[in-house]
Structures are given as structure tokens and as C-alpha cells.
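Dear colleague,

Please find the structure below, handed over for your records. My findings follow it.

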Amino acid sequence: MNKIPQTCKAAVLEEYGKPLQIREVFIPEVEAGGILVKVEMAGICGTDVHQQKGDLTIKAPLPNIQGHETIGRIVKLGTGRVHDAGGEHLDIGDRIMWAHADCGECYWCEIARDPVLCARRSGYGFAPPAALRGGFAEYEYITPATKVVKVPRELTDEEAIGVGCAFRSVVAGYERFGKIGLQEDVVIQGAGPIGLYSLLVAKESGARTTIVVGAPQVRLDLAKRWGADHVINIEEIKTTTERKERILAFTHGRGPEVVVEGSGVPSAFNEGIDMIQKGGRYLVLGQSSAGLTSFMPSLLTSKCLTIVGNASAAIPHFYKALQFIKNKRTKYPLADIVSHKYQLEQINEALANMEAGKEIKPVIDNRGR
Ligand SMILES: [Zn+2]
Ligand SMILES: [Zn+2]
């Protein structure tokens with residue numbers, strides 16, 4: 001392993017709405033239990049586009065380093081950090097992924113035992129440059145309180161990178177939702193990473209017919225390759241009435257038992273409630289903006305619906321998502337989620353293409369550095 005430098009390059013968000021700036025930043029000292037990694041691959045998320053523009057509901061202080069879905073290769077292990085969360089030994093050179101650090105002491109961590117809801121989570125992707133806790137950089141620092149999981153050796157970075165945000169959230173969402181009944185019909189709204197991974201879990205849970213509603217065509221093509229029985233392109237079938245007619249035709253005229261929302265579009269919620277079968281269940285995963293929509297609450301009572309929401313995940317969900325990929329990698333072309341690889345210096349181009357809807361999962365690929 002090469003000597004660790006004192007500084008490294010990072011893309012820094014200095015002003016909301018302005019391009020990220022490539023800066024030389026200091027690499028922090030590794031404390032007991034901390035880990036320093038070389039960033040191998042960093043996923044770029046829809047959230048990053050909103051964060052850069054400053055339209056997230058929570059605005060992190062500036063400057064900060066973005067990037068919250070990262071695969072890092074360990075270059076230094078702090079004293080006492082010997083195992084990952086799955087009990088596997090950690091060594092220099094291992095690839096790891098990590099969750100936000102839960103406090104372990106609040107009501108949500110200790111009594112509710114639901115660390116996804118931790119009141120004092122310390123996150124990655126919005127900390128100041130001195131902390132070096134963002135993936136849009138050459139190195140990243142993992143704090144002692146952060147749980148990590150080793151990326152199984154047989155997985156490529158391309159296969160694993162989707163676990164860093166979308167897939168672990170999908171695993172956490174289904175866990176909250178409960179099982180899909182055998183031979184139930186499932187509609188997935190949205191064909192981005194959340195929708196695509198939701199499709200996989202629905203299929204592997206025993207769904208009968210899976211239907212993905214979204215755009216653009218390149219994402220729907222991947223949904224087909226990942227086993228969707230039907231896809232509906234919202235750029236071609238533009239009205240909710242026409243889309244509902246199609247879905248009813250695929251679901252015995254009753255609508256699906258289960259709808260999973262992964263689109264992030266507020267009005268998709270109404271469409272989901274409208275198409276779902278009486279007595280059906282709705283898993284809402286994609287909504288993260290402050291956008292509003294109006295809807296008629298009596299539909300919940302008249303149709304006897306169950307609605308479950310979820311955002312983010314904790315370390316067990318990373319572990320399970322990685323195990324899923326390890327065991328299903330020959331069945332589905334999982335690496336195809338990566339639509340484009342960029343260099344760190346091309347970060348602003350990558351964010352622009354993400355915003356323009358040209359990407360599925362774009363990544364910063366540092367492996368050649
Ligand atoms: Zn993300
Ligand atoms: Zn907590």
C-alpha cells in the first residue's frame with residue numbers, strides 16, 4: 001500500500017446553486033476505531049442534485065463534501081476496529097460500505113430499537129471538508145461510531161454500488177412493510193434505482209405479475225432485463241386514466257394487491273391510491289421533496305388500505321442487500337444499474353446529466369487514480 005498523503009482532492013459545495021469546486025483538503029488523523037478509506041466508487045444520487053441546488057428540506061452548513069453512497073478500500077484501521085457488522089475480520093485493502101452513524105443512546109435507538117429514526121444520526125455526504133465524510137473525494141474518513149460492512153469479494157463495484165443508497169432503503173422499506181403475499185400482483189411506480197430494486201425484491205418475494213411504470217425507456221429496458229412482466233412508459237402513455245386501464249387489464253380488473261412508490265413525484269401518490277386493489281397495501285419509498293399534492297382521505301377508509309412509508313436504512317439492510325446481490329448476481333445483470341462512469345473532475349457534468357434524466361445510476365470512478 002502506498003504511503004497515505006496529507007491531503008487529497010475533493011469536490012466541495014461552497015455555495016448553493018453553484019458548481020462544486022475541486023479543492024485540496026486535509027486528510028484527518030485516524031482515531032481509535034476510525035477507518036480511512038480510498039474512495040473506489042461513489043454513486044451520484046437524485047438527492048445530490050437537490051442538495052447542490054439547495055432545495056432539500058434540510059440545508060447542511062457550507063462548505064461541505066457531498067456523496068453518501070460509497071465503496072471505499074481500507075488504507076488505515078484505527079486501533080480496536082477489527083470486525084465489520086457481520087463479524088468478518090477487517091484488513092487493509094478490504095472494500096467496505098457504511099451506514100450513517102446512529103447515536104445508540106436516544107429513545108429511537110435504545111427503546112424503539114429503530115436506528116433509522118435516530119434523533120442524532122451523524123451522516124455522510126453533508127459534513128464540512130475537514131471531516132472528510134463525503135464520497136466526492138479521493139479519500140473518506142469513517143468515524144468510530146459508524147458501522148461498516150465488507151463488500152463480498154466476488155462482487156464488482158458496479159454490482160455493489162446501488163446498495164449504498166437505493167437498495168438498502170428498499171430492503172428497509174420492505175422490512176417495515178411486511179411480506180408480499182405469494183402470487184400477488186405488484187405495480188412499481190418509478191424506474192430509477194429505488195423502483196428497479198423494488199422490482200427485484202417483489203419478484204424474489206413471490207409476486208405474480210410485476211408492472212413498472214416510469215421513464216425514460218433506457219430505465220424501462222433495464223426493468224425488462226431485471227424481469228418486469230410489463231412496463232408502462234409515462235412519456236408515451238401520458239394520462240393516469242390510460243395507465244390505470246392498462247394496469248387493470250394486467251391485474252384481472254381489480255388492480256394490484258401491492259403498489260410500491262419509488263418515483264418521488266408527489267402526484268404519483270394519488271395515482272397509486274387510485275390503482276390499488278380494495279384491501280391493498282401501499283409502500284411509499286420515493287418521496288423526499290417538500291412538494292404537495294391534494295388527495296381524498298376517504299379513499300383510505302372506503303378501500304381499507306394500508307400505507308407504509310420508509311426513508312433510509314441501517315447497517316442490517318446494507319448487509320442483506322449485499323448478500324442478495326452475492327446470491328442473485330448470475331440471475332440478473334445487476335452491474336447494468338451503472339449508466340455512466342465519471343472522473344471526480346467531471347462531477348458537475350455528472351450532476352447535470354442526472355438532473356436531465358439521462359442516467360440510471362451515474363458514478364464517480366476513482367479506481368484509476
Ligand atoms: Zn442517495
Ligand atoms: Zn439515536
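In this structure, helix H4 passes helix H5 in a right-handed crossing; a crossing is right-handed if the near helix is turned clockwise from the far one by less than a right angle, and left-handed if anticlockwise. Please note that this is a predicted model, in which local features need pLDDT of at least 70 and side-chain atom pairs count only at pLDDT 80 or more, while totals for chains, interfaces and linings use all residues. Residues are numbered from 1 along each chain as its sequence is written, and chains are lettered from A and ligands numbered from 1 in the order in which they are written. Helices (H or I, at least four residues) and strands (E, at least two) are DSSP runs, numbered from the N terminus.

The helix pair

The axes of H4 (residues 166-177) and H5 (residues 193-204) come within 9 Å and cross at roughly 50°. Axes are lines fitted to C-alpha atoms, for helices over the stretch in contact, with angles from 0 to 180 degrees between N-to-C directions. The two helices are therefore oblique to each other (under 35 degrees is roughly parallel, over 145 roughly antiparallel, 65 to 115 roughly perpendicular, and the rest oblique). H4 contributes Ala166, Phe167, Ser169, Val170 and Tyr174 to the contact, and H5 contributes Pro193, Ile194, Tyr197, Ser198 and Val201; residues are in contact if their C-beta atoms, placed from the backbone, lie within 7 Å. Eight of these residues are nonpolar, two are polar and none is charged (Ala, Val, Leu, Ile, Met, Phe, Trp, Tyr, Cys and Pro count as nonpolar, Asp, Glu, Lys and Arg as charged, and the others, Gly among them, as polar).

Leu196

Leu196 also lies in H5 and counts as buried, with 31 C-beta neighbours inside 10 Å. The cut-offs are 20 or more other C-beta atoms within 10 Å for buried, 12 or fewer for exposed, and partly exposed in between, with C-beta atoms placed from the backbone. Leaving aside residues up to four places away in sequence, Leu196 touches Ala191, Leu222, Ala223, Trp226 and Ile337. Its C-alpha atom is separated by 6.2 Å from that of Ala223, 27 residues apart along the chain.

Backbone features

The peptide bond from Leu62 to Pro63 is cis, with omega near -10°. The bond from Ala215 to Pro216 is cis, with omega near -10°.

Gln183, not a glycine, has a positive phi of about 65° and is exposed, with 10 C-beta neighbours inside 10 Å. Ser312, not a glycine, has a positive phi of about 65°, but is buried.

Conventions. Contact = placed C-beta atoms within 7 Å.
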